[in-house]
Amino acid sequence: MPKVFVDKEAISRALFNLLDNAFKYSEGSLNAYLRVWSDGENIFLEVKDEGIGISKQDQAKIFEKFYRSGDVHHTSVKGSGIGLTLVTHIIKAHEGDVLLESELGKGTKVTIRLPVKRKKDKRGG
Ligand SMILES: Nc1ncnc2c1ncn2[C@@H]1O[C@H](COP(=O)(O)OP(=O)(O)OP(=O)(O)O)[C@@H](O)[C@H]1O
Ligand SMILES: [Mg+2]
């Protein structure tokens with residue numbers, strides 16, 4: 001695994017947000033998986049759940065500030081709709097990106113890509 005220089009606190013917070021979502025938006029199944037790997041140029045952090053999933057319409061909106069799905073399950077789940085916005089900001093600041101894959105009723109997978117070498121920060125690598 002190549003070394004990558006990051007804001008440890010910020011990346012921890014991003015990861016916490018994804019794991020928090022994985023557990024919050026699962027009914028019955030409480031399985032969540034964290035996978036970390038590298039292709040040499042990037043580090044990938046993947047959080048996968050087998051929860052309620054996200055509809056195609058909602059997938060386009062959930063990265064917006066304060067957006068929460070109208071799903072009934074959410075009435076009992078607390079949140080302010082800021083988690084994913086924060087995750088995106090943190091990862092963009094590291095010149096990475098966030099990929100969402102989800103299917104309603106099946107589960108959700110969020111993959112963070114962090115480049116090992118950054119343009120703005122020559123310490124990378
Ligand atoms: N793993 C997931 N499974 C299903 N729905 C999800 C998942 N992650 C996010 N969502 C949907 O996206 C919305 C936005 O998520 P986000 O993390 O930004 O906010 P939140 O969890 O509602 O509140 P906060 O994170 O601020 O406590 C959620 O309200 C939910 O509708
Ligand atoms: Mg959240």
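User: In which strand is the place of Val110?
Analyst: The model discussed here is a predicted one. Within it, the residue Val110 falls inside the stretch 107-115. That stretch is strand S4.

User: Is Val110 buried or exposed?
Analyst: A residue counts as buried if 20 or more other C-beta atoms lie within 10 Å of its own. Val110 has 22 C-beta neighbours inside that distance, and therefore its class is buried.

User: Which residues does Val110 touch, not counting residues up to four places away in sequence?
Analyst: Val110 and Leu99 are eleven residues apart in sequence, with 5.6 Å between their C-alpha atoms. Leaving out residues up to four places away in sequence, the residues that Val110 touches are Leu18, Val47, Val98 and Leu100.

User: Which residue in S2 stands opposite Trp37?
Analyst: S1 and strand S2, residues 42-49, pair in the antiparallel sense over seven bridges. Opposite Trp37, the residue in S2 is Phe44.

User: How many bridges join S2 to S4?
Analyst: These two strands run antiparallel. One of the facing pairs has Asp49 opposite Thr108 in S4. The number of bridges that join S2 to S4 is eight.

User: Which residue in the turn of the hairpin formed by S3 and S4 has a positive phi?
Analyst: S3 and S4 run antiparallel and are joined by seven bridges. The hairpin has three residues between the strands, and the turn residue with a positive phi, of about 85 degrees, is Gly105.

User: Is Phe66 buried or exposed?
Analyst: Phe66 lies in the loop between helix H2 (56-59) and H3. Most residues other than glycine have a negative phi. Phe66, however, has a positive phi near 70 degrees. Because Phe66 has 9 C-beta neighbours inside 10 Å, its class is exposed.

User: Where is the place of Glu95?
Analyst: Glu95 has a positive phi of about 60 degrees although it is not a glycine. With 15 other C-beta atoms within 10 Å, Glu95 is partly exposed. Its place is in the loop between H3 and S3.

User: How many Å apart in space are Val116 and Phe5, C-alpha to C-alpha?
Analyst: Val116 lies in the segment after S4. With 17 C-beta neighbours inside 10 Å, Val116 counts as partly exposed. Val116 and Phe5 are 111 residues apart in sequence, and the distance between their C-alpha atoms is 7.6 Å.

User: Which residues come nearest to ligand 1?
Analyst: There are 22 residues around ligand 1. The elements that give two or more residues to this shell are H1 and helix H3 (83-93). By kind, the residues of the shell divide into eight nonpolar, twelve polar and two charged. Those that come nearest to ligand 1 are Tyr25, Ser69, Gly79, Gly83 and Leu84.

User: What is the radius of gyration of the chain?
Analyst: The secondary structure comes to three helices and four strands, running α-β-β-α-α-β-β from the N terminus on. For 125 residues the globule rule gives 14 Å, and the chain comes close to that value, so it is as compact as a globular protein of that length. The radius of gyration is 15 Å.

User: Among contacts between residues at least 6 apart in sequence, what percentage joins residues at least 24 apart?
Analyst: The C-alpha atoms fill a box of roughly 45 × 25 × 25 Å along the principal axes. Of the 125 residues, 22% count as buried. Among the contacts in question, the percentage that joins residues at least 24 apart is 56%.

Technical notes. Residues are numbered from 1 along each chain as its sequence is written. Chains are lettered from A and ligands numbered from 1 in the order in which they are written. This is a predicted model: local features need pLDDT of at least 70, side-chain atom pairs count only at pLDDT 80 or more; totals for chains, interfaces and linings use all residues. A residue is buried if 20 or more other C-beta atoms lie within 10 Å of its own, exposed if 12 or fewer, and partly exposed in between; C-beta atoms are placed from the backbone. Two residues are in contact if their C-beta atoms, placed from the backbone, lie within 7 Å. Two strands pair if DSSP finds at least two bridges between them. A residue is near a molecule or strand if its C-beta atom, placed from the backbone, lies within 6 Å of it. Ala, Val, Leu, Ile, Met, Phe, Trp, Tyr, Cys and Pro count as nonpolar, Asp, Glu, Lys and Arg as charged, and the others, Gly among them, as polar. The radius of gyration is taken over C-alpha atoms; the globule rule is 2.2 Å times the number of residues to the power 0.38.
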